[in-house]
Amino acid sequence: VNDLYDDQCPYKIPFDTVTVTLKNHIATACDVITVTDANPYSEGFESTILPACWSQDYVSGTQDWVIGNGDGNNIYSAHGGNYNAVFDGSSYDENTTKLITPVLDLSALDSAKLSFWHAQAAWGTDQNELSLYYRTSATGEWTLLADYTNSLTAWTEEVVTLPNIGAYYQLAFEGVNNYGYDIALDDITVE
């Protein structure tokens, strides 16, 4: 993350150790999170807002990932805890948004894996999709790791080996709205 943005403020804020209040929003510069064998990274979305240092990239449209409880349609509770991330699937507009992790430093690991839980039930023949990407620099291209295009009516765990690990690593969970039921995402771990 080189710059912080706020949808209420058109100004770029240089990446630095600074906290700025922007029209009732707080933007905080984020430190790189070091992941070691003894200190894995995990996120369970246990707040009513997206976690600090997570961001969104609108690929198409402006649909947000939000915090909810289950998917609001088939699953009525988070996988773990009380909350999870949700990407709404209530229209045919094919909104596509990446939910992006903070920068992780994986250089202390010999190998790394990501595990997470998700659900994305089809609504008839309409199916929302989740894609997983990674990048190894702030300006690097996103590289596809996996596509999840099947109907999942219960929480399902995915485990993915992470390639090209190093001192800069970000993951993106890309939701695509195809009028299926919401995508629910929870209990993310990188170790």
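1. Strands here are DSSP runs of at least two residues (E), numbered from the N terminus. Keep in mind that this is a predicted model, where local features need pLDDT of at least 70, side-chain atom pairs count only at pLDDT 80 or more, and totals for chains, interfaces and linings use all residues. Residues are numbered from 1 along each chain as its sequence is written, and side-chain values use heavy atoms, with hydrogens and water left out.

2. That bridge belongs with a strand pairing: E7 (residues 55-60) and E10 run antiparallel, with five bridges. Two strands count as paired if DSSP finds at least two bridges between them. E10 also pairs with strand E16 (residues 170-176), again antiparallel and through five bridges. Threonine 96 turns up here too, standing opposite valine 176 in E16.

3. How many residues of strand E10 are buried? Five of the five (residues 96-100) are, so the strand is largely enclosed by the rest of the structure. Buried is under 20% relative accessible area, exposed is over 50%, and partly exposed lies in between (1.4 Å probe, protein chains only).

4. Now for the side chains. In a regular strand they alternate between the two faces of the sheet. In E10, Thr96, Lys98 and Ile100 point one way, Thr97 and Leu99 point the other way, and all are buried.

5. Lysine 98 deserves a look of its own. This lysine sits in strand E10, and its 7% relative accessibility is why it counts as buried. The lysine 98 side chain makes a polar contact with the side chain of glutamate 174 at 2.7 Å. A polar contact is a pair of N or O atoms within 3.5 Å; within protein, one must be able to donate a hydrogen and the other to accept it, and residues adjacent in sequence count only if both atoms are side-chain atoms. Leaving out residues up to four places away in sequence, lysine 98 touches residues including Trp65, Tyr133, Trp142 and Phe173 (contact means heavy atoms within 4.5 Å).

6. On to the cysteines: the whole structure holds one disulfide, a disulfide being a pair of cysteine sulfur atoms within 2.5 Å. Cysteine 30 and cysteine 53 form it, with sulfur atoms 1.9 Å apart. Cysteine 30 is in the loop between strand E4 (25-28) and strand E5 (33-34), and cysteine 53 in the loop between strand E6 (41-43) and E7, so the pair ties together parts 23 residues apart in sequence. Cysteine 30 counts as buried at 11% relative accessibility, whereas cysteine 53, at 25%, counts as partly exposed.

Methods. Helix = DSSP H or I, 4+ residues; strand = E, 2+ residues; numbered from the N terminus.
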